[in-house]
Amino acid sequence: MECLRGKTSRFLDRDSLLRRVTPYQSVHLDLGTGDGRYVLDRARRDPGSFVIGIDACRENLRRASRRAPDNTLFIIANLLSPPLEPAGIASHISINFPWGSLLSGLLQADPNLLGGLAAMCAPGAEVECYLNAGALAEAGYDPATGAERVRRALNTAGFEVKQTHPMDAAGLRGVPSSWGKRLAYGRDPRAVYLTGDRSERRLDWNLGLLDLSFALAVAADVGHAGGADQRSHDHNHARSSKGDARIDVEERNCQC
Ligand SMILES: C[S@@+](CC[C@H](N)C(=O)[O-])C[C@H]1O[C@@H](n2cnc3c(N)ncnc32)[C@H](O)[C@@H]1O
């Protein structure tokens with residue numbers, strides 16, 4: 001998978017990723033990280049945690065990764081065609097104010113997105129998601145209906161959503177992400193916050209996932225990276241042309 005540090009791009013395989021994260025007590029993945037503010041904030045507040053931001057927008061990641069501390073990594077990837085190198089590593093996943101294909105993937109329970117989410121998690125992983133009421137409205141949902149669809153999608157990926165809170169401007173001001181601040185001081189400061197975990201390793205077998213057997217094998221075998229790495233490389237190579245085309249689309253729509 002492709003990592004960025006400023007203008008420098010390089011390929012990181014699964015072995016190298018595992019070497020980077022192993023010294024840390026926890027691994028946090030921030031999906032649709034945008035300008036990476038949340039990743040930088042979290043990494044600075046918790047030096048024992050390794051924080052990875054993933055986004056399809058190269059420009060955003062360039063800026064964020066330039067000043068990134070050692071316990072961070074920025075990956076360019078389309079989450080509808082998710083990288084498999086992070087399989088099984090995440091103790092915490094955040095999805096803050098998704099829009100575009102990330103939001104519609106959650107609302108429509110896209111099997112590739114949900115398969116990727118499921119595959120990235122370590123047992124017991126926690127999930128949190130902020131949904132912007134305005135973005136839900138643009139997608140045709142009121143906050144309660146949109147949140148319920150995302151709750152069901154997360155459930156399909158094996159998460160039990162335990163809390164769903166409406167958020168107002170005061171709450172949004174405390175979220176350390178650029179879109180949290182933007183919404184808090186904007187015209188429609190409403191959001192819904194969902195939290196939950198994968199306390200049981202359950203999956204909805206109706207997913208029809210991207211190479212589900214592979215993803216699960218890697219997730220279950222995260223400590224034994226050798227074989228997984230080659231399979232991951234083969235897998236990514238085999239689907240790279242489709243994934244790249246999708247990233248181009250996301251990059252053209254990149255606005256954060
Ligand atoms: C509204 S911004 C939120 C950014 C950040 N999480 C925040 O709170 O400031 C949504 C982000 O999702 C990213 N995104 C949308 N679809 C995506 C996809 N399919 N794969 C990866 N990132 C995606 C966009 O590039 C954008 O950076």
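This is a predicted model: local features need pLDDT of at least 70, side-chain atom pairs count only at pLDDT 80 or more; totals for chains, interfaces and linings use all residues.

Colleague: In what order do the strands of the open sheet lie, and what kind of pairing do they have?

Modeller: In general, strands of a sheet pair through backbone hydrogen bonds, in either a parallel or an antiparallel manner. Here nine strands form an open sheet in the order S2-S1-S5-S4-S3-S6-S7-S9-S8, and the pairing is mixed. At the edges stand strand S2 (8-11) and strand S8 (160-167), each of which pairs on one side only. From one strand to the next, the twist averages 25°.

Colleague: Where may I see examples of each sense of pairing?

Modeller: Strand S1 (residues 2-5) is antiparallel to S2, with four bridges between them; in this pair, Cys3 lies opposite Arg10 of S2. By contrast, S3 and S6 are parallel and share four bridges, with His28 facing His92 of S6. S6 also runs parallel to S7, to which six bridges join it; Ile95 has Cys129 in S7 as its bridge partner.

Colleague: Why is S6 described as largely enclosed?

Modeller: Five of its seven residues are buried, so S6 is largely enclosed by the rest of the structure.

Colleague: Which strands does helix H2 touch?

Modeller: Helix H2 (residues 37-45) packs on the sheet and touches strand S3 (26-31), strand S4 (49-55), strand S5 (72-76) and strand S6 (90-96). The direction of H2 makes about 175° with that of S4. Helix H5 (residues 111-120) lies across S3, S6 and strand S7 (121-132), at about 145° to S6.

Colleague: Which residues of the largest nonpolar core touch the most other members?

Modeller: The general idea is that nonpolar side chains tend to be buried together in soluble globular proteins. In this model, the largest nonpolar core has 68 residues, of which Ile75, Ile93, Met120 and Val150 touch the most other members. Apart from neighbours within four places in sequence, Val150 is in contact with Leu106, Leu107, Cys129, Leu131 and Leu194. Leu106 and Leu107 are among the buried residues of H4, a helix with six of its eight residues buried.

Colleague: How many residues surround the ligand, and which are the closest?

Modeller: The ligand is surrounded by 25 residues, the closest being Gly32, Gly34, Leu102, Ser177 and Trp179. Helix H4 (100-107) and helix H9 (178-184) are the elements that give two or more residues to this shell. By kind, the shell comprises twelve nonpolar, eleven polar and two charged residues.

Notes. Residues are numbered from 1 along each chain as its sequence is written. A residue is near a molecule or strand if its C-beta atom, placed from the backbone, lies within 6 Å of it. Ala, Val, Leu, Ile, Met, Phe, Trp, Tyr, Cys and Pro count as nonpolar, Asp, Glu, Lys and Arg as charged, and the others, Gly among them, as polar. A residue is buried if 20 or more other C-beta atoms lie within 10 Å of its own, exposed if 12 or fewer, and partly exposed in between; C-beta atoms are placed from the backbone. A nonpolar core is a set of buried Ala, Val, Leu, Ile, Met, Phe, Trp, Tyr and Cys residues joined through C-beta atoms within 7 Å. Two residues are in contact if their C-beta atoms, placed from the backbone, lie within 7 Å. Two strands pair if DSSP finds at least two bridges between them. Axes are lines fitted to C-alpha atoms, for helices over the stretch in contact, and angles run from 0 to 180 degrees between N-to-C directions.
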